[in-house]
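Thanks for asking me to look this one over. Could you keep the viewer open beside you while you read?

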Amino acid sequence: MRELLLIKYAPEIFLKGLNRGKFERKLKENIKFVLKDMEYEFVEDSGRWFIQSTYLEEVIERVKNIFGVMEVCIVHEVQNSMEAIGDEALRVLKETGAKTFKVETNRANKEFPLNSMEVSREIGAYILKRLDNVSVNVKNPEFLVHIEIRNNSYVIAKKIKAVGGLPYGMNGSTMLMLSGGIDSPVAGYLMARRGVELNAVYYHSPPYTSERAKEKVKMLADILKGYTGNYNLYIVPFTDIQLQIIEKCREDELTIIMRRFMMRIACRLAEKYNINSVTTGESVGQVASQTMEALVVSDDCSDRPVFRPLVAMDKVDIMDISREINTYETSILPYEDCCTIFVPKHPKTKPRLPEIIKSESVLDIDKLVEEAIEKMEVYR
């Protein structure tokens, strides 16, 4: 008997038809990249993926955060005999201390003499004969004895939930507008979970935003890196743009004009670095700049798709995800970003595009955008 990890990928990948092989290859490539500095063996058996390593706990911690992996299971490999399967199933159940159980079998090896139902029935009887004070509960068992029969047989000892989604890098790229708040890191995570490659831009307004605010955003970017691997964070100086808007535009239009500049810069960077889309952490109606009318005015500055994966979520939903992905505690650190300074007392919630275009016409838009990009810092 040897202990292995069974890697189960998301069922959605099974449904990709002729493209399934591309998704499987990308996922396998991502797994091998994450484990590149470790000693391990990648084992395949009749369509199932297994990993053997003397560092299984470390492998689990890394692999469970790979997009496309739905579940990581600790399994015990045994010979293809009912006695070997029964002994291992009995041992695993004993270790759990469960008083009720159910046996489920997946038999991919059609040369095995019993079918899945017959194996489950026989192994259940084998356990009941040898273990006192346990019973079968098919509806709500304390422990599910799961058996895989392929070229070899495997008894699953423990299941660990993984992040699921699609293999990272399979669905194009996006420029994430990453602030220091709760929402945008969650938006980036959700896009990456759909296989979209991340880049990020942060707008920094010294001296009104501190170096601590910048470091906070770097920390958030680093947490996301744990799911995506390395990517570029572009830190764009935004003070001059904000001061020009304050000096020359109406106070109630400050926020929406500022958002339009952010969108222009994100799109300009996306064009420069061949990035397909822009992603924001906006949710309809959450703040004044996120009304339907404001989003329409903001999107007028975009030359590529703008994705808002949080658009229909409320704040509680978003906070729950941020805790799950470990960005919440960093996001609530009390360092202001450029979106929380120079906020008008009564921001316009239903801006009209012709009026906003007229208001910002007094600004040298192209020059301000280009100067900001020229002065930006790039972190990988």
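Here are my notes, point by point.

1. A word on the source before anything else: this is a predicted model. Please read every value below as computed from that prediction.

2. Let's begin with the sheet. Six strands form an open sheet in the order β13-β12-β9-β10-β11-β14, and the pairing is mixed. At its edges sit β13, residues 306-307, and β14, residues 377-379; each of these pairs on one side only. As background, the strands of a sheet are joined through backbone hydrogen bonds, in either a parallel or an antiparallel sense.

3. Which sense do β10 and β11 take? Strand β10 (residues 197-204) runs parallel to strand β11 (residues 233-237), and 5 bridges link the pair.

4. Asn109 is worth a visit. You will find Asn109 in the loop that joins β5 (100-107) to α5 (116-130). Leaving aside residues up to four places away in sequence, Asn109 touches Asn80, Ile149, Arg150 and Asn151. Ala162, by contrast, is 53 residues from Asn109 in sequence, with 27 Å between their C-alpha atoms.

5. Next, the surface. Val284, Met292, Val296 and Val311 make a nonpolar patch of about 340 Å². One of these, Val296, belongs to helix α10, residues 292-299. Its relative accessibility is 52%, and Val296 therefore counts as exposed, since the cut-off for that class is over 50%.

6. Finally, another loop residue. Lys350 lies between α12 (328-331) and α13 (353-360). Why is Lys350 called exposed? Its relative accessible area is 59%, and exposed means over 50%. For a sense of distance, Lys350 and Lys110 are 240 residues apart in sequence, and their C-alpha atoms are 65 Å apart in space.

Key
Residues are numbered from 1 along each chain as its sequence is written. This is a predicted model: local features need pLDDT of at least 70, side-chain atom pairs count only at pLDDT 80 or more; totals for chains, interfaces and linings use all residues. Side-chain values use heavy atoms; hydrogens and water are left out. Two strands pair if DSSP finds at least two bridges between them. Helices (H or I, at least four residues) and strands (E, at least two) are DSSP runs, numbered from the N terminus. Patches are made of residues with over 30% relative accessible area and no salt bridge: like charges are joined within 9 Å, nonpolar side chains (Val, Leu, Ile, Met, Phe, Trp, Tyr) within 5 Å. Accessible areas come from the Shrake-Rupley method with a 1.4 Å probe; for residues, only the protein chains shown count as cover. A salt bridge is a side-chain nitrogen of Lys or Arg within 4 Å of a carboxyl oxygen of Asp or Glu. Buried means under 20% relative accessible area, exposed over 50%, partly exposed in between (1.4 Å probe, protein chains only). Contact means heavy atoms within 4.5 Å.
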